[in-house]
Amino acid sequence: MNQMNLVPPHLPPMPAPVLFSGNRGEFFRLVTRGAGLELITVGFYRFWLATDIRRHLWSNTHIDGDAAEYTGRGRELLIGFLIALAIIVPVYLAYFLAGLEAERIRAFASIPLLAFFYLFGQFAIYRFWMSGSGWAYAARAALWGLLMILTLGLILPWREAALERYKMRHSYYGDLQGSFAGRGWEFFKRGWWLWLLAPIALYVSPLAPFVYAAFKAVEWRWWLSGIRFGGVRLESTMGRGALIGLYWKVIGWVLLLAVVFAAYLGLCAVLVASMSGTPLDQFFTPQVFLKSIPLLVLAGLGYLLFALAINVAMRVYLLRDLWVRVLASTTVHNIEAAANVSARGELANALGEGFADGLDVAGF
(Lines give C-alpha, C1' and ligand atoms only; values in the text may rest on other atoms or scores of the structure.)
Protein backbone atom coordinates (compact mmCIF):
# COMPACT_ATOMS: atom_id res chain seq x y z
CA MET A 1 0.00 0.00 0.00
CA ASN A 2 1.47 3.32 -1.03
CA GLN A 3 1.68 6.02 1.57
CA MET A 4 0.65 9.54 0.60
CA ASN A 5 2.69 12.53 1.72
CA LEU A 6 0.32 14.87 3.43
CA VAL A 7 1.27 18.52 2.96
CA PRO A 8 -0.25 20.82 5.58
CA PRO A 9 -2.45 23.47 4.04
CA HIS A 10 -1.03 26.96 3.79
CA LEU A 11 -2.56 29.02 6.57
CA PRO A 12 -2.97 32.74 6.09
CA PRO A 13 -0.96 34.86 8.53
CA MET A 14 -2.74 35.90 11.69
CA PRO A 15 -3.74 39.56 11.91
CA ALA A 16 -1.51 41.60 14.20
CA PRO A 17 -3.19 43.43 17.09
CA VAL A 18 -2.28 47.02 17.89
CA LEU A 19 -1.18 47.35 21.52
CA PHE A 20 -0.65 50.34 23.80
CA SER A 21 1.90 50.16 26.61
CA GLY A 22 1.71 53.69 28.01
CA ASN A 23 1.04 54.41 31.68
CA ARG A 24 -2.05 56.52 32.41
CA GLY A 25 -0.48 58.16 35.46
CA GLU A 26 2.58 59.14 33.44
CA PHE A 27 0.37 60.77 30.81
CA PHE A 28 -1.62 62.62 33.49
CA ARG A 29 1.59 64.02 34.98
CA LEU A 30 2.77 65.02 31.51
CA VAL A 31 -0.36 67.03 30.67
CA THR A 32 -0.65 68.50 34.20
CA ARG A 33 2.94 69.74 34.09
CA GLY A 34 2.30 71.01 30.56
CA ALA A 35 -0.79 72.92 31.70
CA GLY A 36 1.27 74.65 34.38
CA LEU A 37 3.93 75.62 31.85
CA GLU A 38 1.21 76.86 29.49
CA LEU A 39 0.06 79.19 32.28
CA ILE A 40 3.59 80.45 32.95
CA THR A 41 4.41 80.96 29.25
CA VAL A 42 1.04 82.52 28.39
CA GLY A 43 0.11 79.57 26.19
CA PHE A 44 3.30 79.28 24.11
CA TYR A 45 4.29 75.97 25.69
CA ARG A 46 1.31 74.36 23.93
CA PHE A 47 3.48 73.54 20.91
CA TRP A 48 6.02 71.60 22.97
CA LEU A 49 3.23 70.00 24.99
CA ALA A 50 1.56 68.83 21.76
CA THR A 51 4.89 67.29 20.72
CA ASP A 52 5.31 65.53 24.08
CA ILE A 53 1.74 64.18 23.94
CA ARG A 54 2.14 62.82 20.42
CA ARG A 55 5.55 61.35 21.19
CA HIS A 56 4.11 59.59 24.26
CA LEU A 57 1.14 58.18 22.34
CA TRP A 58 3.12 57.10 19.29
CA SER A 59 6.11 55.60 21.11
CA ASN A 60 3.79 53.45 23.26
CA THR A 61 1.84 52.18 20.23
CA HIS A 62 3.09 48.76 19.12
CA ILE A 63 2.24 46.93 15.90
CA ASP A 64 3.65 43.42 15.60
CA GLY A 65 6.22 44.27 18.28
CA ASP A 66 7.44 47.50 16.68
CA ALA A 67 6.74 50.90 18.21
CA ALA A 68 5.77 53.97 16.20
CA GLU A 69 7.80 57.18 16.29
CA TYR A 70 6.73 60.82 16.19
CA THR A 71 9.45 62.98 14.63
CA GLY A 72 7.86 66.41 14.99
CA ARG A 73 9.32 69.15 17.18
CA GLY A 74 7.73 71.96 19.12
CA ARG A 75 9.78 74.55 17.26
CA GLU A 76 8.30 73.42 13.94
CA LEU A 77 4.78 73.69 15.34
CA LEU A 78 5.55 77.22 16.55
CA ILE A 79 7.01 78.26 13.17
CA GLY A 80 3.96 76.92 11.35
CA PHE A 81 1.70 78.78 13.78
CA LEU A 82 3.57 82.05 13.20
CA ILE A 83 3.36 81.61 9.41
CA ALA A 84 -0.38 81.11 9.74
CA LEU A 85 -0.66 84.28 11.85
CA ALA A 86 1.31 86.23 9.24
CA ILE A 87 -1.40 85.30 6.72
CA ILE A 88 -4.40 85.61 9.02
CA VAL A 89 -3.63 88.98 10.65
CA PRO A 90 -3.60 91.03 7.40
CA VAL A 91 -6.91 89.44 6.39
CA TYR A 92 -8.45 90.36 9.73
CA LEU A 93 -7.05 93.89 9.40
CA ALA A 94 -8.57 94.30 5.95
CA TYR A 95 -11.92 93.09 7.26
CA PHE A 96 -11.70 95.54 10.18
CA LEU A 97 -10.94 98.46 7.86
CA ALA A 98 -13.84 97.48 5.63
CA GLY A 99 -16.09 97.54 8.68
CA LEU A 100 -14.94 101.07 9.51
CA GLU A 101 -15.75 102.18 5.99
CA ALA A 102 -19.39 101.13 6.13
CA GLU A 103 -21.52 98.62 7.97
CA ARG A 104 -22.95 97.48 4.66
CA ILE A 105 -19.48 96.69 3.28
CA ARG A 106 -18.60 94.85 6.48
CA ALA A 107 -21.65 92.62 6.21
CA PHE A 108 -20.80 91.84 2.59
CA ALA A 109 -17.15 91.21 3.45
CA SER A 110 -18.07 88.54 6.00
CA ILE A 111 -19.01 86.11 3.21
CA PRO A 112 -15.61 86.05 1.45
CA LEU A 113 -13.92 86.18 4.87
CA LEU A 114 -15.62 82.97 5.97
CA ALA A 115 -14.89 81.39 2.58
CA PHE A 116 -11.21 82.30 2.91
CA PHE A 117 -10.89 80.80 6.37
CA TYR A 118 -12.67 77.64 5.27
CA LEU A 119 -10.32 77.17 2.31
CA PHE A 120 -7.30 78.11 4.39
CA GLY A 121 -8.38 75.69 7.11
CA GLN A 122 -8.76 72.83 4.64
CA PHE A 123 -5.34 73.60 3.20
CA ALA A 124 -3.90 73.48 6.71
CA ILE A 125 -5.67 70.22 7.52
CA TYR A 126 -4.08 68.62 4.45
CA ARG A 127 -0.67 69.47 5.95
CA PHE A 128 2.70 69.41 4.26
CA TRP A 129 3.84 65.81 4.65
CA MET A 130 1.69 64.39 1.87
CA SER A 131 2.33 64.56 -1.83
CA GLY A 132 -0.26 66.23 -4.00
CA SER A 133 -1.59 69.75 -3.68
CA GLY A 134 -3.02 71.26 -0.51
CA TRP A 135 -4.94 73.80 -2.57
CA ALA A 136 -6.41 71.07 -4.78
CA TYR A 137 -7.59 69.35 -1.62
CA ALA A 138 -9.02 72.64 -0.31
CA ALA A 139 -10.93 73.19 -3.58
CA ARG A 140 -12.43 69.69 -3.33
CA ALA A 141 -13.36 70.31 0.30
CA ALA A 142 -15.01 73.62 -0.66
CA LEU A 143 -17.18 71.99 -3.33
CA TRP A 144 -18.19 69.24 -0.95
CA GLY A 145 -18.90 71.89 1.70
CA LEU A 146 -21.32 73.60 -0.66
CA LEU A 147 -23.08 70.27 -1.26
CA MET A 148 -23.21 69.76 2.52
CA ILE A 149 -25.20 72.99 2.82
CA LEU A 150 -27.54 72.10 -0.03
CA THR A 151 -28.25 68.59 1.36
CA LEU A 152 -28.42 69.63 5.05
CA GLY A 153 -25.45 67.41 5.86
CA LEU A 154 -26.82 64.17 4.42
CA ILE A 155 -23.99 63.97 1.91
CA LEU A 156 -21.37 63.91 4.69
CA PRO A 157 -20.47 60.18 4.27
CA TRP A 158 -19.70 60.65 0.57
CA ARG A 159 -17.75 63.83 1.31
CA GLU A 160 -15.59 62.04 3.89
CA ALA A 161 -14.98 59.10 1.55
CA ALA A 162 -13.95 61.33 -1.37
CA LEU A 163 -11.59 63.49 0.70
CA GLU A 164 -10.03 60.46 2.41
CA ARG A 165 -9.40 58.85 -0.97
CA TYR A 166 -7.54 61.96 -2.11
CA LYS A 167 -5.47 62.16 1.09
CA MET A 168 -4.58 58.48 1.22
CA ARG A 169 -3.74 58.39 -2.49
CA HIS A 170 -1.01 60.94 -1.73
CA SER A 171 0.21 59.30 1.48
CA TYR A 172 3.01 56.76 1.77
CA TYR A 173 4.43 54.34 4.31
CA GLY A 174 7.95 53.97 3.00
CA ASP A 175 7.44 53.02 -0.62
CA LEU A 176 3.94 51.64 -0.02
CA GLN A 177 1.32 53.97 -1.46
CA GLY A 178 -1.79 54.50 0.57
CA SER A 179 -5.37 54.08 -0.56
CA PHE A 180 -8.80 54.27 0.99
CA ALA A 181 -11.35 51.53 0.42
CA GLY A 182 -14.19 53.01 2.46
CA ARG A 183 -17.36 53.98 0.62
CA GLY A 184 -19.83 56.70 1.49
CA TRP A 185 -22.77 54.31 1.31
CA GLU A 186 -21.15 52.04 3.92
CA PHE A 187 -20.72 54.99 6.28
CA PHE A 188 -24.30 56.12 5.68
CA LYS A 189 -25.73 52.63 6.36
CA ARG A 190 -23.92 52.45 9.70
CA GLY A 191 -24.99 55.88 10.92
CA TRP A 192 -28.17 56.93 9.11
CA TRP A 193 -30.19 56.76 12.32
CA LEU A 194 -27.76 59.22 13.96
CA TRP A 195 -28.59 61.79 11.25
CA LEU A 196 -32.26 61.44 12.24
CA LEU A 197 -31.43 61.89 15.94
CA ALA A 198 -29.09 64.87 15.43
CA PRO A 199 -31.87 67.55 15.21
CA ILE A 200 -33.51 66.11 18.33
CA ALA A 201 -30.18 66.13 20.19
CA LEU A 202 -29.82 69.86 19.50
CA TYR A 203 -32.93 70.49 21.61
CA VAL A 204 -32.58 67.65 24.12
CA SER A 205 -29.15 68.36 25.58
CA PRO A 206 -28.67 65.10 27.58
CA LEU A 207 -29.09 63.17 24.34
CA ALA A 208 -26.31 65.04 22.53
CA PRO A 209 -23.30 63.21 24.10
CA PHE A 210 -24.84 59.84 23.24
CA VAL A 211 -25.46 60.80 19.62
CA TYR A 212 -22.08 62.45 19.11
CA ALA A 213 -20.12 59.63 20.80
CA ALA A 214 -21.97 57.00 18.76
CA PHE A 215 -21.28 58.97 15.56
CA LYS A 216 -17.55 59.22 16.34
CA ALA A 217 -17.37 55.48 17.07
CA VAL A 218 -19.06 54.69 13.74
CA GLU A 219 -16.74 57.12 11.96
CA TRP A 220 -13.59 55.68 13.58
CA ARG A 221 -14.57 52.10 12.64
CA TRP A 222 -15.44 53.03 9.06
CA TRP A 223 -12.28 55.12 8.57
CA LEU A 224 -9.83 52.61 10.05
CA SER A 225 -11.34 49.70 8.14
CA GLY A 226 -10.84 51.59 4.88
CA ILE A 227 -7.11 52.33 5.25
CA ARG A 228 -4.70 50.49 2.97
CA PHE A 229 -0.92 50.71 2.40
CA GLY A 230 -0.04 48.40 -0.44
CA GLY A 231 -1.19 44.97 0.70
CA VAL A 232 -1.52 46.03 4.34
CA ARG A 233 -5.01 46.80 5.58
CA LEU A 234 -6.55 47.82 8.89
CA GLU A 235 -9.73 46.57 10.49
CA SER A 236 -11.67 47.99 13.44
CA THR A 237 -14.31 46.28 15.55
CA MET A 238 -15.27 49.34 17.62
CA GLY A 239 -18.85 49.22 18.87
CA ARG A 240 -21.23 52.18 18.72
CA GLY A 241 -21.20 52.65 22.50
CA ALA A 242 -17.42 52.38 22.96
CA LEU A 243 -16.83 56.13 23.39
CA ILE A 244 -19.97 57.26 25.24
CA GLY A 245 -18.42 56.86 28.68
CA LEU A 246 -15.45 59.04 27.75
CA TYR A 247 -17.60 61.99 26.73
CA TRP A 248 -19.75 61.72 29.85
CA LYS A 249 -16.65 61.64 32.06
CA VAL A 250 -15.47 64.88 30.48
CA ILE A 251 -18.92 66.44 31.01
CA GLY A 252 -18.85 65.31 34.63
CA TRP A 253 -15.43 66.87 35.21
CA VAL A 254 -16.51 70.12 33.54
CA LEU A 255 -19.55 70.36 35.83
CA LEU A 256 -17.47 69.56 38.93
CA LEU A 257 -14.81 72.11 37.99
CA ALA A 258 -17.52 74.70 37.32
CA VAL A 259 -18.88 74.20 40.86
CA VAL A 260 -15.36 74.56 42.30
CA PHE A 261 -14.79 77.70 40.22
CA ALA A 262 -18.08 79.23 41.39
CA ALA A 263 -17.16 78.48 45.02
CA TYR A 264 -13.74 80.04 44.45
CA LEU A 265 -15.32 83.22 43.05
CA GLY A 266 -17.66 83.43 46.04
CA LEU A 267 -14.78 83.01 48.50
CA CYS A 268 -12.69 85.63 46.69
CA ALA A 269 -15.60 88.08 46.75
CA VAL A 270 -16.10 87.60 50.50
CA LEU A 271 -12.37 88.03 51.21
CA VAL A 272 -12.03 91.16 49.05
CA ALA A 273 -15.19 92.67 50.58
CA SER A 274 -13.98 92.03 54.12
CA MET A 275 -10.53 93.49 53.37
CA SER A 276 -12.06 96.63 51.85
CA GLY A 277 -14.55 97.04 54.67
CA THR A 278 -17.49 97.15 52.26
CA PRO A 279 -20.71 95.48 53.49
CA LEU A 280 -21.55 92.37 51.46
CA ASP A 281 -24.98 93.65 50.43
CA GLN A 282 -23.30 96.71 48.89
CA PHE A 283 -20.24 94.89 47.51
CA PHE A 284 -22.33 92.58 45.32
CA THR A 285 -23.98 95.41 43.43
CA PRO A 286 -22.66 95.59 39.81
CA GLN A 287 -21.33 99.13 40.17
CA VAL A 288 -19.11 98.04 43.08
CA PHE A 289 -17.71 94.56 42.45
CA LEU A 290 -17.14 95.17 38.72
CA LYS A 291 -14.80 98.02 39.69
CA SER A 292 -12.85 95.95 42.22
CA ILE A 293 -9.41 95.40 40.66
CA PRO A 294 -8.29 92.73 43.21
CA LEU A 295 -11.46 90.72 42.60
CA LEU A 296 -11.08 90.96 38.82
CA VAL A 297 -7.44 89.81 39.03
CA LEU A 298 -8.35 86.86 41.26
CA ALA A 299 -11.29 85.97 39.01
CA GLY A 300 -9.08 86.10 35.91
CA LEU A 301 -6.47 83.84 37.53
CA GLY A 302 -9.18 81.42 38.64
CA TYR A 303 -10.66 81.32 35.16
CA LEU A 304 -7.28 80.47 33.63
CA LEU A 305 -6.83 77.62 36.12
CA PHE A 306 -10.39 76.46 35.39
CA ALA A 307 -9.75 76.41 31.64
CA LEU A 308 -6.43 74.60 32.03
CA ALA A 309 -8.01 71.99 34.32
CA ILE A 310 -10.68 71.33 31.68
CA ASN A 311 -7.93 70.94 29.08
CA VAL A 312 -6.20 68.36 31.30
CA ALA A 313 -9.43 66.37 31.61
CA MET A 314 -10.06 66.53 27.85
CA ARG A 315 -6.51 65.45 27.04
CA VAL A 316 -6.69 62.49 29.42
CA TYR A 317 -10.10 61.22 28.25
CA LEU A 318 -10.45 62.45 24.67
CA LEU A 319 -6.81 62.05 23.62
CA ARG A 320 -5.13 59.33 25.69
CA ASP A 321 -8.12 57.16 26.61
CA LEU A 322 -9.75 57.58 23.19
CA TRP A 323 -6.44 56.64 21.54
CA VAL A 324 -6.26 53.50 23.69
CA ARG A 325 -9.82 52.42 22.88
CA VAL A 326 -9.33 52.99 19.17
CA LEU A 327 -6.14 50.91 19.20
CA ALA A 328 -7.78 48.14 21.23
CA SER A 329 -10.37 47.71 18.47
CA THR A 330 -7.82 47.69 15.64
CA THR A 331 -5.96 44.84 13.94
CA VAL A 332 -3.53 44.93 11.03
CA HIS A 333 -3.83 42.35 8.25
CA ASN A 334 -0.93 41.21 6.06
CA ILE A 335 1.63 43.17 8.08
CA GLU A 336 4.32 41.05 6.37
CA ALA A 337 3.85 43.18 3.23
CA ALA A 338 5.41 46.12 5.10
CA ALA A 339 8.43 44.17 6.38
CA ASN A 340 10.85 45.31 3.66
CA VAL A 341 9.65 48.80 2.81
CA SER A 342 12.26 51.35 1.82
CA ALA A 343 12.24 55.02 2.69
CA ARG A 344 10.59 57.36 0.21
CA GLY A 345 11.35 61.07 0.27
CA GLU A 346 12.25 63.07 3.37
CA LEU A 347 11.06 62.52 6.90
CA ALA A 348 7.84 64.28 7.78
CA ASN A 349 8.06 67.50 9.74
CA ALA A 350 5.59 69.23 12.00
CA LEU A 351 5.52 72.55 10.15
CA GLY A 352 2.18 71.79 8.52
CA GLU A 353 0.68 70.78 11.86
CA GLY A 354 1.68 74.11 13.37
CA PHE A 355 0.18 75.79 10.33
CA ALA A 356 -3.09 73.99 11.05
CA ASP A 357 -2.76 74.83 14.73
CA GLY A 358 -2.86 78.52 13.78
CA LEU A 359 -6.51 77.92 12.88
CA ASP A 360 -7.08 75.64 15.88
CA VAL A 361 -7.82 72.69 13.60
CA ALA A 362 -4.81 70.53 14.50
CA GLY A 363 -5.52 66.95 15.49
CA PHE A 364 -3.43 64.15 16.87
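The legends below describe close-up views of a predicted model.

**View 1. Helices α5 and α6 pack against each other.** The axes of helix α5 (residues 134-150) and α6 come within 10 Å and cross at roughly 175°, which makes α5 roughly antiparallel to α6. On the α5 side the contact is made by A136, Y137, R140, A141, W144, G145 and M148, and on the α6 side by L156, W158, R159, A162, L163, Y166 and K167. Sorted by class, the residues of this contact are 10 nonpolar, 1 polar and 3 charged.

**View 2. H170 sits in the loop between α6 (156-169) and β4 (172-173).** The side chain of H170 reaches back to the backbone oxygen of Y166, at 2.8 Å. Because its relative accessibility is 16%, under the 20% limit, H170 counts as buried.

**View 3. A salt bridge joins E38 and R315.** Their side chains meet at 3.1 Å, N to O, and since E38 lies in helix α1 (residues 24-40) and R315 in helix α12 (residues 293-328), the pair ties together parts that are 277 residues apart in sequence. E38 is buried at 10% relative accessibility, and R315 is buried as well, with a relative accessible area of 15%.

**View 4. K216 and E219 pair within helix α8 (residues 208-226).** The two residues are 3 apart, about one turn of the helix, and their side chains meet in a salt bridge of 2.8 Å, N to O. E219 is buried, with a relative accessible area of 16%.

**View 5. R320 and D321 form a salt bridge.** The side chains of R320 and D321 meet at 3.2 Å, N to O, and both residues are buried. Through shared partners, salt bridges join R24, R320 and D321 into one network.

Conventions
Residues numbered from 1 in each chain as written. Predicted model: local features only at pLDDT ≥ 70, side-chain atom pairs only at ≥ 80, totals over all residues. Heavy atoms only, no water. Helix = DSSP H or I, 4+ residues; strand = E, 2+ residues; numbered from the N terminus. Buried < 20%, exposed > 50% of the residue type's maximum accessible area, 1.4 Å probe, protein only. Polar contact = N/O pair within 3.5 Å; in protein donor to acceptor, adjacent residues only side chain to side chain. Axes fitted to C-alpha atoms, helices over the stretch in contact; angles between N-to-C directions. Parallel < 35°, antiparallel > 145°, perpendicular 65-115°, else oblique. Contact = heavy atoms within 4.5 Å. Nonpolar A, V, L, I, M, F, W, Y, C, P; charged D, E, K, R; others polar. Salt bridge = Lys/Arg side-chain N within 4 Å of Asp/Glu carboxyl O.
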